[in-house]
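Let us walk through a protein model together. Keep the structure in view as you read.

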Amino acid sequence: MANKREQTIVRANFAGYKIKLPGHPALRIGLGILLVGFGLLGFLPIVGFWMIPLGIAILSVDLPPVRRFRRNVTVKFGTWLHRRWPRLARRFGYGAQRDGKV
């Protein structure tokens with residue numbers, strides 16, 4: 001076999017979907033910053049506020065502070081959702097709420 005360089009496929013989870021991302025970290029960071037930047041202009045017709053969480057999900061692949069921020073928001077949202085609508089929380093994949101502090 002020819003000596004081919006193995007490429008790892010990087011994916012980000014967003015709204016229950018797995019999205020393929022570029023292989024190079026600089027491209028991923030650039031794409032994430034671009035999505036967050038245009039998401040801030042969400043009041044315009046073509047772009048939308050949905051671009052902000054997608055950009056954060058892409059940035060969290062390479063940047064640990066963004067990864068921690070995303071994880072904290074996810075845990076807090078899951079806890080809030082369990083208190084308000086437990087059936088909906090289970091449907092979104094947050095599972096059973098644990099006892100004690102989360």
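The paragraphs below take up a helix, a salt bridge, a surface patch and some aromatic rings.

This is a predicted model, in which local features need pLDDT of at least 70, side-chain atom pairs count only at pLDDT 80 or more, and totals for chains, interfaces and linings use all residues. Residues are numbered from 1 along each chain as its sequence is written, and side-chain values use heavy atoms, with hydrogens and water left out.

Start with helix 2, residues 51-59. Helices here are DSSP runs (H or I, at least four residues), strands are runs of E with at least two, and both are numbered from the N terminus. The buried residues of helix 2 are Met-51, Leu-54, Gly-55, Ala-57, Ile-58 and Leu-59. Buried means under 20% relative accessible area, exposed means over 50%, and partly exposed lies in between (1.4 Å probe, protein chains only). These buried residues pack against strand 1 (10-14), strand 2 (17-21), helix 1 and helix 3.

Next, look for charges. Side chains of opposite charge can pair when their charged atoms come close. The structure holds 1 salt bridge, a contact defined by a side-chain nitrogen of Lys or Arg within 4 Å of a carboxyl oxygen of Asp or Glu. Here Arg-28 and Asp-62 meet, at 2.8 Å from N to O. The pair links distant parts of the chain: Arg-28 sits in helix 1, Asp-62 in the loop between helix 2 and helix 3, 34 residues apart. Arg-28 is buried because its relative accessible area is 5%. Asp-62 has 22%, so Asp-62 counts as partly exposed.

Leu-31, Leu-34, Phe-38, Leu-41, Phe-43, Leu-44 and Phe-49 make a nonpolar patch of about 670 Å². Patch residues have over 30% relative accessible area and no salt bridge; like charges are joined within 9 Å, nonpolar side chains (Val, Leu, Ile, Met, Phe, Trp, Tyr) within 5 Å. Leu-44 lies in the loop between helix 1 (25-39) and helix 2.

Finish with the rings. The structure holds 3 aromatic pairs. Rings of Phe, Tyr and Trp (its six-membered ring) pair if their centres lie within 6.5 Å; planes under 30 degrees apart count as stacked, over 60 as edge-to-face and the rest as tilted. Phe-77 and Tyr-94 are edge-to-face, 5.9 Å centre to centre with 65° between the planes. Trp-80 and Trp-85 are also edge-to-face, at 5.6 Å and 85°. Phe-77, Trp-80, Trp-85 and Tyr-94 form one aromatic cluster.

Conventions:
Accessible areas come from the Shrake-Rupley method with a 1.4 Å probe; for residues, only the protein chains shown count as cover. Contact means heavy atoms within 4.5 Å.
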